[in-house]
Amino acid sequence: MGDFNAIRPGTDLTRHARDLRRVHSAVLGGGRTRLRPRAVVARSWTRVLRAGLDPGGSNARAALGPDEVQRRRRASPLDTVIDELGHVIRDVALMVVTDADGVILWRDGAPPALRRADGLGFREGATWTESTVGTNAIGTALVEAAPVQLFSAEHFEQAQHPWYCAAHPIHDPRTGELLGIVDVSGPALTLHPAIAALVETGVRLAESQLWHHHTARLERLRRSAEPVVGTATGPLLVVDDHGWVAHNAGVAARDRIAAPRAGAAVAVPGMGLCVPERLAEGWLVRPAGRSRAIRATLEAGGAPVLSVRGEGPPWRSPLTRRHAEILSLLHAAGPAGLTAVRLSRALYGDDEHVVTVRAEVSRLRRSIGALVATNPYRLADGVRLEMAG
């Protein structure tokens with residue numbers, strides 16, 4: 001956990017809170033003290049001061065409306081595991097779950113805790129990032145891409161000093177992409193060292209359930225497609241709406257292809273260009289022609305575009321500059337590919353952006369699917385990429 005824990009077992013919480021108030025007053029108010037904030041807190045305070053927030057005031061708390069909160073809930077994979085999280089955490093303290101933007105989507109706890117949270121604007125629809133409300137466990141966990149626990153005056157805003165908060169990122173177990181933050185909060189002087197382990201346990205159980213729900217959905221799709229697959233000939237895939245593969249025949253197993261769209265070709269290594277066919281649930285993907293070669297051109301000048309050629313018209317996919325850069329690096333790396341660590345060094349100059357790299361590659365594969373293989377990241381076998389522009 002590194003710098004995660006805000007207190008150690010046996011800490012006198014009252015005295016520690018008093019010392020932290022002195023640190024807060026000295027560091028943020030220009031005073032002097034021999035005490036110093038923890039490194040994670042110091043980094044956050046520096047960021048927040050640069051953003052121009054006021055530690056003595058109540059910074060912006062504008063919340064999204066209930067319709068937008070409901071829309072985000074329905075779009076979030078966490079909607080399927082929120083009850084499991086609540087069973088682990090809700091009876092201990094106030095539980096809050098955000099999306100990857102730091103917007104609070106769910107909140108659960110005892111009525112007195114909820115009323116106190118309301119006084120801080122700590123409610124559904126509120127954005128709880130560092131740039132909005134200063135140093136707090138949710139916002140700082142988003143920036144640090146790591147678990148964060150804060151105690152009392154480690155929070156930037158004085159109004160948050162009566163609280164402790166322990167936040168832990170939760171990721172999509174299929175891709176490693178950040179889904180949101182799980183946070184447990186309560187009165188500062190009730191913080192127990194076991195809270196950190198409790199939050200981590202809740203997150204790990206939720207991620208395990210997300211994986212279980214994913215495999216169960218693919219199995220239902222595979223069974224529902226059996227009548228069609230049983231009469232089909234040639235290489236084929238059955239995939240869900242996001243391109244995850246439920247069944248393969250006549251082609252090497254794949255985990256994911258580009259998300260299918262009606263009437264739009266998709267490139268699949270070993271199958272060439274394919275035109276997805278809508279099933280009652282999911283899609284049937286078969287080659288559109290005899291050629292299974294995939295020849296792609298990355299047009300990097302101006303707005304990047306990946307053009308894939310086969311039989312018939314080329315399939316084109318616009319790319320972000322970051323995704324074009326990733327493809328260029330994988331092309332240069334050749335069949336050996338790049339690990340997430342090496343890709344982090346190439347893109348950012350350090351090893352500290354592995355989580356960001358995994359999320360970016362996940363988004364890239366959502367667009368172009370199995371053209372990029374994983375473990376390590378590389379161009380898939382049979383894909384010939386040319387660079388242009």
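Pro-276 lies in strand E9 (residues 272-278), where strands, of at least two residues, and helices, of at least four (H or I), are DSSP runs numbered from the N terminus. The model described here is predicted, so local features need pLDDT of at least 70 and side-chain atom pairs count only at pLDDT 80 or more, while totals for chains, interfaces and linings use all residues. Residues are numbered from 1 along each chain as its sequence is written, and side-chain values use heavy atoms, with hydrogens and water left out.

With a relative accessible area of 6%, Pro-276 is buried (buried means under 20% relative accessible area, exposed over 50%, and partly exposed in between, with a 1.4 Å probe and protein chains only). Leaving aside neighbours within four places in sequence, Pro-276 is in contact with Pro-260, Arg-261, Ala-264, Val-266, Trp-283, Leu-284 and Val-285, contact meaning heavy atoms within 4.5 Å. Arg-261 is 15 residues from Pro-276 along the chain, and the C-alpha atoms of the two are separated by 7.1 Å.

Two cysteines are also buried: Cys-165 has a relative accessible area of 8%, and Cys-274 has one of 0%. The structure holds zero disulfides, a disulfide being a pair of cysteine sulfur atoms within 2.5 Å.

His-214 is found in helix H8 (residues 195-224) and is buried, with a relative accessible area of 4%. Apart from neighbours within four places in sequence, His-214 is in contact with Arg-174 and Trp-244.

The structure holds two aromatic pairs, for which rings of Phe, Tyr and Trp (its six-membered ring) must have their centres within 6.5 Å, with planes under 30 degrees apart counted as stacked, over 60 as edge-to-face and the rest as tilted.

| Ring pair | Centre distance | Plane angle | Class |
|---|---|---|---|
| Phe-122 and Trp-128 | 4.8 Å | 55 degrees | tilted |
| Phe-122 and Trp-163 | 6.4 Å | 70 degrees | edge-to-face |

Ring pairs link Phe-122, Trp-128 and Trp-163 into a cluster.

The axes of helix H10 (residues 321-333) and helix H12 (residues 354-368) come within 10 Å and cross at roughly 90 degrees, which makes H10 roughly perpendicular to H12. Axes are lines fitted to C-alpha atoms, for helices over the stretch in contact, and angles run from 0 to 180 degrees between N-to-C directions; those under 35 degrees count as roughly parallel, over 145 as roughly antiparallel, 65 to 115 as roughly perpendicular and the rest as oblique. From H10, Arg-322, His-323, Ile-326 and Leu-327 meet Glu-360, Val-361, Arg-363, Leu-364 and Ile-368 of H12.

Two residues other than glycine have positive phi values, as follows. Ala-145, with a phi of about 55 degrees, lies in the loop between helix H7 (137-144) and strand E3 (148-151) and counts as partly exposed at 40% relative accessibility. Asn-375, with a phi near 55 degrees, lies in the loop between E14 and E15 and counts as exposed at 73% relative accessibility. A cis peptide bond, with omega about -5 degrees, joins Asn-375 and Pro-376, and Pro-376 is placed in the loop between strand E14 (372-373) and strand E15 (378-379).
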